[in-house]
Amino acid sequence: MWIADGWQDYGVLDAANGEKLERWGKYTLIRPDPQVIWQTDKTHPGWNRPNAHYHRSTKGGGSWEFFDLPKTWQISYGNLVFNLKPFSFKHTGLFPEQAANWDWFSGLIRKAGRPIRVLNLFAYTGGATCAALAAGASVTHVDASKGMVAWASENAESSGLSDRPVRWLVDDCTKFVRREIRRGNKYDAIIMDPPSYGRGPKGEIWKIEETIYPLLLLCRQLLSDDPLFFLLNSYTTGLQPGVLAYMLRTAIAPDTVPKSKKEGDSDANDATASVGRDAISNEGAASFRRDAFTNEKSASSSRDAISNEGVAPTGCGMISEAGKNGTSIRRPGGKSMLPIIEADEVGLPVEGTSLVLPCGCAGRVTFCHEDRL
């Protein structure tokens, strides 16, 4: 699990009976969480004196009950400053667990040693946009909600990033991607945080189960000849780590998928070796790594080859020795790269315990040059 454990202004204080108790700066909130199915005692004193409590309705949705909470307030993550306010369906305008991803791709951007163009789709209030800008990238921020884009711009201003190279766009993400393909625009990194269901600015319907894979195929056409990373988030039941890894492997790095051998082909001539189904089991992190693929007759895909210890969260310097023997994909620009594909749950630590609250999952592709390994 990728854990967002770098927060000072935010923390999960407790979780029990379908709710979580959270510290957002100076304020304590109680919000529902469908994953909290355990019936433990609510012993933390914060349960008795929250600043606000979101009550879920049996008819769907719910409402806030306010005790002592301002309309807006701010919290910080490092040098990033986020403007918060409670609004529809329990939200505050920030998903703190995403800090685990911010740290990961910020390290990649800083170490790239070149200008990085990032496309942030379904970009919400701009947490990832601000993190990428702070790391030195230029960002195209796209969301269908005019209010969310305005909120993201305010977060960038509060974080001292208003002078950084960023485009704020209110648009349907799929339509925007299609237009960018026609324009010939390219990006070194793409971030996607799609909702389970939504509508575009002109009423376009988004259903993640029907539309996410076609959009991934389109996004691959926007990657530059020297891509850095691809990030896909999911809070949708059913889109578990193994599903994200499978989609990323087949849509974003399809050259890693073993092709059916023709009669007469020898194992030694295979460019990619087969990987068993156990590589996409639900145990641990579902990862597909080029370092698990060798040119030998059979390539092992053991769990220890794809453990978190073997993956550098901010670069390629810690790739295991197996990665150096792997086959690569060659981009149109002629550069040979090893795509590292991982997927795992994302979580938040529960303060004062060794427990971690799961908060969705993510799939990551890191493109590493062979000559840098």
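Where is T236 found?

Analyst: T236 is found in the loop between strand β15 (229-234) and helix α6. A word on the source: this is a predicted model, in which local features need pLDDT of at least 70, side-chain atom pairs count only at pLDDT 80 or more, and totals for chains, interfaces and linings use all residues. Residues are numbered from 1 along each chain as its sequence is written, and side-chain values use heavy atoms, with hydrogens and water left out.

Now the loop. T236 has 8% relative accessibility, so it counts as buried. Buried means under 20% relative accessible area, exposed means over 50%, and partly exposed lies in between (1.4 Å probe, protein chains only). T236 is in contact with S196, I208 and E209, leaving aside neighbours within four places in sequence. Contact means heavy atoms within 4.5 Å.

L239 lies in the loop between β15 and α6. L239 is buried, with a relative accessible area of 10%. Not counting residues up to four places away in sequence, L239 touches I208, S234, L244 and C361. L239 and S196 are 43 residues apart in sequence, and their C-alpha atoms are 9.8 Å apart in space.

Helix α6 covers residues 241-251 and is mostly covered, with eight of its eleven residues buried. The buried ones are P241, G242, L244, A245, M247, L248, R249 and A251. L244 of α6 is buried, and L244 is also one of the residues that L239 touches. Helices here are DSSP runs (H or I, at least four residues), strands are too (E, at least two), and both are numbered from the N terminus.

On the α4 side, T174, V177, R178 and I181 make the contact, and on the α5 side, L215, L218 and C219 do.

Next, helix α3 (residues 146-158). How do we check its length? The expected span of a helix is 1.5 Å times one less than its number of residues. The 13 residues of α3 should span 18 Å, and its end C-alpha atoms are 19 Å apart, which agrees. In α3, M148, V149, W151, A152, N155 and A156 are buried. Seen down the axis of α3, these residues fall within an arc of 160°, so they line one face of the helix. The arc is that of the directions from the helix axis to the C-beta atoms. On the face turned away sit the exposed residues K146 and E157. What covers the buried residues of α3 includes β8 (80-84), α2 (127-135), β10 (138-143) and β11 (166-170).

Look at α2 as well. Eight of the nine residues of α2 are buried, so it is largely enclosed by the rest of the structure. After α2 comes G136, with a positive phi near 110°. After α3 comes G160, with a positive phi near 75°.

Finally, the whole chain. The chain has seven helices and 19 strands. Of its 373 residues, 52% count as buried.
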